[in-house]
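Hello,

Here is the structure I promised to pass on to you. Please open it and keep it beside this email while you read.

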Amino acid sequence: MVSARVTRPGVVTPMELVASARSAAGALTSEKVDHLLTERMREGLGALLVADPAVGATRLAWLTTPAVEASAAAVKVAIDKLLFLRGMVAHLLDLSMLPRERRRFLATLGRRSTVQGLRRRQERRFPILLALVAQSAVDQRDKVVQGMSHLHNYAFTCYRRSL
């Protein structure tokens with residue numbers, strides 16, 4: 001490489017390029033989902049970060065906590081989560097203007113972030129929470145169907161054994 005006079009950039013140059021790309025991606029994402037962020041939606045997403053005595057935690061923590069076992073109580077909790085998300089009209093959110101990998105990245109970021117970390121993001125938290133609730137609506141629907149199927153199979157097995 002010395003004879004070809006190829007020089008590698010220092011550590012700072014790639015870091016600046018990555019930071020610039022992330023900033024541009026965040027701005028583009030915000031611009032693309034801005035029409036979905038009505039005042040009502042912003043209030044609903046902001047409420048996810050506030051402790052709710054009805055669930056004993058923030059709604060964000062409640063939504064991202066998985067079921068421990070496949071039981072009727074777990075299915076009931078999944079139904080409650082699905083009804084909550086439907087109340088936010090999360091099942092109707094169309095985020096197709098974002099690439100699939102970007103939606104997945106934002107939803108994962110929302111699941112892994114703390115409430116305090118999301119609060120610090122200020123306006124940048126809304127696309128993250130939007131992707132999270134949209135993905136959670138799909139996930140909860142699948143969990144309800146899977147749980148109901150599991151309970152149905154269990155009841156059928158118990159019935160057959162009783163014959």
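Predicted model: local features only at pLDDT ≥ 70, side-chain atom pairs only at ≥ 80, totals over all residues.

Residues are numbered from 1 along each chain as its sequence is written, and side-chain values use heavy atoms, with hydrogens and water left out.

**The aromatic pair**

A search of the whole structure turns up one aromatic pair. Ring centres of Phe, Tyr and Trp (its six-membered ring) must lie within 6.5 Å to pair; planes under 30 degrees apart count as stacked, over 60 as edge-to-face and the rest as tilted. In this pair, the rings of Trp-62 and Phe-84 have centres 5.9 Å apart and planes at 80°, so the pair is edge-to-face. Because Trp-62 lies in helix H3 and Phe-84 in helix H4, the pair ties together parts that are 22 residues apart in sequence. Helices here are DSSP runs (H or I, at least four residues), numbered from the N terminus.

Are these two residues buried or exposed? Buried means under 20% relative accessible area, exposed over 50%, and partly exposed in between (1.4 Å probe, protein chains only). Trp-62 is buried at 16%, and Phe-84 is partly exposed at 23%.

**Charges over the ring**

Which charged ends sit over the ring of Trp-62? That of Arg-59 does, 4.7 Å from the ring centre, and so does that of Lys-81, 5.9 Å from the centre. To count, NZ of Lys or CZ of Arg must be within 6 Å of the ring centre and within 35 degrees of the ring normal.

Arg-59 belongs to helix H3 (residues 59-64) and is buried, with a relative accessible area of 15%. Leaving aside residues up to four places away in sequence, Arg-59 touches Leu-48, Val-50, Asp-52, Ala-54 and Phe-84, where contact means heavy atoms within 4.5 Å.

**At the surface**

Look next at Ile-79 in helix H4 (residues 72-87), which counts as partly exposed at 31% relative accessibility.

Leu-163 is in the segment after helix H7 (125-162). Leu-163 is exposed, with a relative accessible area of 74%, and its C-alpha atom is separated by 60 Å from that of Ser-30, 133 residues apart along the chain.

Happy exploring!

Definitions and conventions:
Helix = DSSP H or I, 4+ residues; strand = E, 2+ residues; numbered from the N terminus.
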